[in-house]
Amino acid sequence: MEFTTQHLTALLPLLVTGATAVVVMLAIAWKRHHGQTFLLSVLGLNLALLAIIPALGVTPLEVTPLLRIDSFAAYYSALIIAATLACLTLTHAYLGGASGKGYPGNREELYLLMLLACAGGIVLVSAQHLAGLFIGLELLSVPTYGLIAYAFFNRRSLEAGIKYMVLSAAGSAFLLFGMALLYAESGSLSFAAIGASLAAGAPAQLVQIGVGMMLVGLAFKLSLVPFHLWTPDVYEGAPAPVAAFLATASKVAVFAVLLRLYQISPAFADGWPGHLLSLLAVASILVGNLLALLQNNLKRLLGYSSIAHFGYLLIALIASKGIASEAIGVYLFTYVLTSLGAFGVITLMSTPYQGRDCDALFEYRGLFWRRPYLTAVLATMMLSLAGIPLTAGFIGKFYVVAAGVESQQWWLLGALILGSAIAVFYYLRVMVTLFLVEPSLQRRDAPLHWAQRAGGIMLLVVAGLTLLLGVYPQPLLAVAQNVGF
Amino acid sequence: MILPWLILIPFIGGLLCWQGERFGAVLTRWIALLSMTLLLGLGLWLWGSADFSLAPAPGAAPAWAYEFQTPWIARFGISIHLALDGLSVLMVVLTGLLGVLSVVCSWNEIQKRVGFFHLNLLWILSGVVGVFLAVDLFLFFFFWEVMLVPMYFLIALWGHSGSTGKSRINAATKFFIYTQASGLIMLVAILALVFVHFEQSGVLTFNYADLLQTELAPGTEYLLMLGFFIAFAVKFPVVPVHSWLPDAHAQAPTAGSVDLAGILLKTAAYGMIRFCLPLFPNASAEFAPIAMGLGVFAIVYGALAAFAQTDIKRLIAYSSVSHMGFILIAIYSGSLLALQGAVVQMLAHGLSAAALFILSGQLYERLHTRDFRAMGGLWGRMPWLPAISLFFAAAALGLPGTGNFVGEILVLLGTFQSQPWIAVLATSGLVLGSVYALCMIHRAYFGPAKADSALTGLDSRELAMVLGLAVLLILLGVYPQPVLDTSAASMQGVQQWLGAALSQLESAR
């Protein structure tokens with residue numbers, strides 16, 4: 001096929017992100033400088049974010065058989081790039097200033113790895129072909145191994161990195177096997193062609209097994225129950241900004257591609273793979289929320305809560321008609337916002353890096369009376385995760401419930417209500433801890449001037465946006481409504 | 001334009017209180033008092049100035065005394081739609097009045113984090129007023145949920161630890177989970193109703209007036225009605241789902257209890273009258289016997305459970321369960337007289353329960369216990385308080401001359417016409433009510449004294465609050481006509497909805 005400027009324009013966000021990674025790598029090779037690396041990465045990603053605007057002008061467009069740039073890809077790319085940007089600013093605060101305190105090893109490569117993973121995410125959300133899907137997924141996952149184990153002299157971080165690598169590889173193996181089976185039946189790897197060829201005949205046993213295996217592979221990445229065992233450990237072990245990246249950009253990308261696959265290839269909705277998905281949803285909601293009850297570690301708690309949240313999202317995925325894909329767009333946006341806020345507070349509390357992150361719940365006791373605004377941010381995030389009105393999380397939950405009601409998924413909605421009731425308990429537990437009388441124990445705090453640094457400003461913007469969207473969501477809904485293939 | 005201000009005044013007042021704390025606690029209290037007085041004044045002015053012969057009724061587009069509408073979330077046809085009729089204005093005035101009282105009664109009780117306390121207190125009232133005014137179902141649900149968070153903080157942060165060692169945080173969490181889970185069931189029902197309406201008319205809207213036109217299949221209607229009913233029943237509270245209430249009351253600070261008993265419970269009754277009956281009249285008619293049965297059970301169970309309590313606030317909490325049972329019966333009786341009685345009972349119970357909680361708060365400030373076993377013989381040890389308690393206990397048991405008597409007798413008379421057996425059974429509540437009310441007085445104020453030292457009497461602030469409430473309660477008892485006139489049109493509309501459905505059901509049998 002011929003490459004025109006149009007194709008290049010459509011690819012621009014991905015190209016800019018890739019170029020940024022190269023430039024950052026060269027700059028590191030030339031001269032190690034923390035601040036400069038940070039600036040270059042942030043600059044590059046901001047350009048990539050801006051590049052989405054011209055790209056939107058030429059959509060929808062097929063660029064090579066692998067990628068299709070449409071408003072769907074643009075929306076999720078923007079979400080991923082923005083989330084990565086937020087994680088980068090958190091990283092900068094987390095690794096510490098130039099003088100003595102802070103992360104002792106080389107700091108610059110973390111930015112490089114995050115940029116690469118971001119590029120993988122963009123490929124993933126634009127994929128319309130199983131090969132594109134696999135390339136994107138690996139480009140997203142492989143740098144993530146390094147990211148999680150970045151604080152490798154901390155045993156937990158290293159353990160988490162290895163754990164993630166092994167399980168992620170296992171997930172990829174499932175995925176590949178599933179793809180092979182699908183290919184054997186349909187003779188094509190493109191989403192649309194698979195869908196068309198399968199729609200023609202009755203779904204064969206082979207296809208269903210293939211689809212089932214692919215679902216298992218993707219469920220590993222999305223940490224759906226029963227493939228969730230890695231999640232709490234990895235969230236706990238990974239440095240806080242990396243955990244934020246895992247919870248947001250990485251999961252959004254995988255979910256977006258699952259949504260595209262699900263919507264284009266009807267094979268995923270038929271027969272027992274459809275029931276499998278419902279089962280995964282109910283199990284994720286219940287198990288995720290129940291296990292979160294037992295946690296005394298904030299990062300583990302957020303890990304379990306993210307399992308539950310992706311269970312809620314599956315409800316909208318299964319609903320799959322009417323406002324379902326819109327609901328997913330809105331829910332993912334609010335979820336990203338909320339997770340960034342929650343992990344952002346943990347990051348700032350652990351800033352600068354001191355070997356162990358500040359993630360035990362007792363370390364947050366009485367925080368309100370020391371850092372009122374930071375606490376207000378975390379409390380807002382907890383309410384948003386619980387889906388209480390005035391926060392963005394409520395709008396997301398409202399949308400998912402609406403999608404469920406529209407397609408009459410009563411059992412799944414029942415699980416959602418039950419799950420939410422359980423979830424309220426542990427979110428409130430975190431929240432009330434923040435406001436209790438402070439202990440006289442030795443404690444760790446965010447730096448006093450946290451709000452004047454990039455990470456802090458980003459956090460305040462996130463909190464402000466969470467509240468604003470909770471009260472006036474119309475702009476987001478208007479955007480999400482126009483997202484399509 | 002005046003309706004949004006009813007919600008905004010407490011909201012902004014709360015923010016000012018929070019920031020005003022840096023200039024001292026006294027300023028904070030005055031700001032809170034001022035904004036509540038403003039709310040009460042506005043409510044009274046609306047009551048005096050508007051024509052309340054307009055109210056929603058079947059067969060026509062709902063007419064309101066005041067209305068405010070502005071688009072909000074266009075995607076779903078959601079608008080900020082507020083409206084006022086006779087029922088809501090009475091509830092708003094009650095909210096304003098109890099708002100003033102809850103600020104005044106915590107004047108000395110709350111000494112730490114005063115600004116944040118008043119922020120929560122005022123935001124609760126803001127949410128409650130929102131519930132009473134919203135006629136967009138999404139907006140209604142929004143306010144319904146929004147008032148939980150400040151209430152949670154109020155109980156969890158300023159509450160007392162219970163007499164049995166139960167923690168206030170557990171009580172607050174229990175309250176939150178009960179209401180949140182049942183609220184989500186209502187959300188599902190609301191959305192289902194909206195989508196059914198969407199399929200019929202092609203218009204996606206949450207507007208009350210439009211949704212009233214929805215044609216529902218009988219089975220669907222019943223299920224949706226249940227979704228609403230469960231949410232309201234939890235807040236009401238109807239007996240099988242009431243267990244959060246005594247815990248929350250026992251642990252809450254006085255102001256929290258006043259708001260909880262005085263107005264938060266009324267939001268549930270209001271929701272049933274405003275939404276559950278008009279939206280689902282046929283299903284409600286079918287469900288009425290069950291609801292009334294639950295009401296009778298609540299009356300008897302609440303009274304018996306109240307009798308067994310050793311904690312004075314738990315006793316009052318269970319008595320609330322019993323009194324709310326009358327309201328539940330009245331709502332589902334389909335009689336105009338009973339519905340009018342329910343309105344009077346809502347106001348009277350709001351006043352008397354608030355007064356009893358304020359009195360037990362004052363008792364607690366002096367004795368540092370709420371346990372009857374540590375009381376006894378208080379009549380001789382302090383002036384005023386025991387006598388006033390006796391008055392409100394008498395009001396709670398429905399003594400003629402108080403508003404409670406008017407409310408209960410209207411409910412019973414109205415119900416007797418159509419459901420004599422229900423009325424007869426409910427009357428037992430009056431007998432049992434006098435048992436626990438007198439028992440409370442006896443255990444606390446009579447009998448051998450535990451100590452001889454005199455306790456400080458009520459100061460003018462405390463006296464003014466309870467005497468004011470007493471006067472209002474007597475006024476309501478001897479001249480309830482203004483209240484009845486105000487709510488007449490609204491209740492007539494509701495009665496027509498349910499009455500038509502009931503007679504249809506009757507003829508079908």
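Hi everyone. Leaving aside neighbours within four places in sequence, B:Gly350 is in contact with B:Leu94, B:Leu98, B:Gly262, B:Ile263 and B:Lys266, where contact means that the C-beta atoms of two residues, placed from the backbone, lie within 7 Å. Before going on, a word on the source: this is a predicted model, in which local features need pLDDT of at least 70 and side-chain atom pairs count only at pLDDT 80 or more, while totals for chains, interfaces and linings use all residues. Residues are numbered from 1 along each chain as its sequence is written, and chains are lettered from A and ligands numbered from 1 in the order in which they are written.

Back to our glycine. B:Gly350 sits in helix H14 of chain B, residues 336–367; helices here are DSSP runs of H or I with at least four residues, strands are runs of E with at least two, and both are numbered from the N terminus. Is B:Gly350 buried or exposed? It has 25 C-beta neighbours inside 10 Å, so B:Gly350 counts as buried. The cut-offs are 20 or more other C-beta atoms within 10 Å for buried, 12 or fewer for exposed, and partly exposed in between, with C-beta atoms placed from the backbone.

Staying in chain B, let's look at two helix pairs. Helix H12 (281–307) and helix H17 (420–445) of chain B pack at about 15°, with axes 9 Å apart. Axes are lines fitted to C-alpha atoms, for helices over the stretch in contact, and angles run from 0 to 180 degrees between N-to-C directions. That angle makes H12(B) roughly parallel to H17(B); under 35 degrees counts as roughly parallel, over 145 as roughly antiparallel, 65 to 115 as roughly perpendicular, and the rest as oblique. H12(B) passes H17(B) in a left-handed crossing, meaning that the near helix is turned anticlockwise from the far one by less than a right angle, while clockwise would be right-handed. Residues that meet here include B:Val296 and B:Phe307 from H12(B) and B:Leu432 and B:Tyr436 from H17(B). By class, this contact has 15 nonpolar, three polar and no charged residues. For the classes, Ala, Val, Leu, Ile, Met, Phe, Trp, Tyr, Cys and Pro are nonpolar, Asp, Glu, Lys and Arg are charged, and the others, Gly among them, are polar.

The second pair is helix H5 (137–146) and helix H7 (168–201) of chain B, at about 175° and with axes 11 Å apart. H5(B) is therefore roughly antiparallel to H7(B). B:Leu137, B:Phe141, B:Trp144 and B:Glu145 of H5(B) meet B:Gly183, B:Met186, B:Leu187 and B:Ile190 of H7(B), a set with six nonpolar, one polar and one charged residues.

Now over to chain A, and where it touches chain B. There, 22 residues of chain A are in contact with 23 residues of chain B. Which elements of chain A give two or more residues to that side? They are H15, H16 and helix H18 (474–481). H16(A) brings the largest share, nine residues. On the chain A side, 18 residues are nonpolar, three polar and one charged.

Two of those helices also pack on each other. The axes of H15(A), residues 392–406, and H16(A), residues 410–435, come within 8 Å and cross at roughly 155°, so these helices are roughly antiparallel. Their contact is made by A:Val401, A:Gly404 and A:Val405 of H15(A) and A:Leu412, A:Leu413 and A:Leu416 of H16(A).

Next, helix H7 of chain A, residues 191–200, where A:Phe191, A:Ile194 and A:Leu198 are buried. Down the axis of H7(A), the buried residues fall within an arc of 65°, so they line one face of the helix; the arc is that of the directions from the helix axis to the C-beta atoms. A:Ala199 and A:Ala200, on the other side of H7(A), are exposed. Among the elements covering the buried residues are helices H6 (155–186), H8 (205–222) and H10 (240–264) of chain A.

Last, some backbone details to check on screen. The peptide bond from A:Thr59 to A:Pro60 is cis, with omega near -10°, and A:Pro60 lies in the loop between helix H2 (34–58) and strand S1 (61–63) of chain A. In chain B, the bond from B:Phe236 to B:Pro237 is cis too, with omega near -15°.
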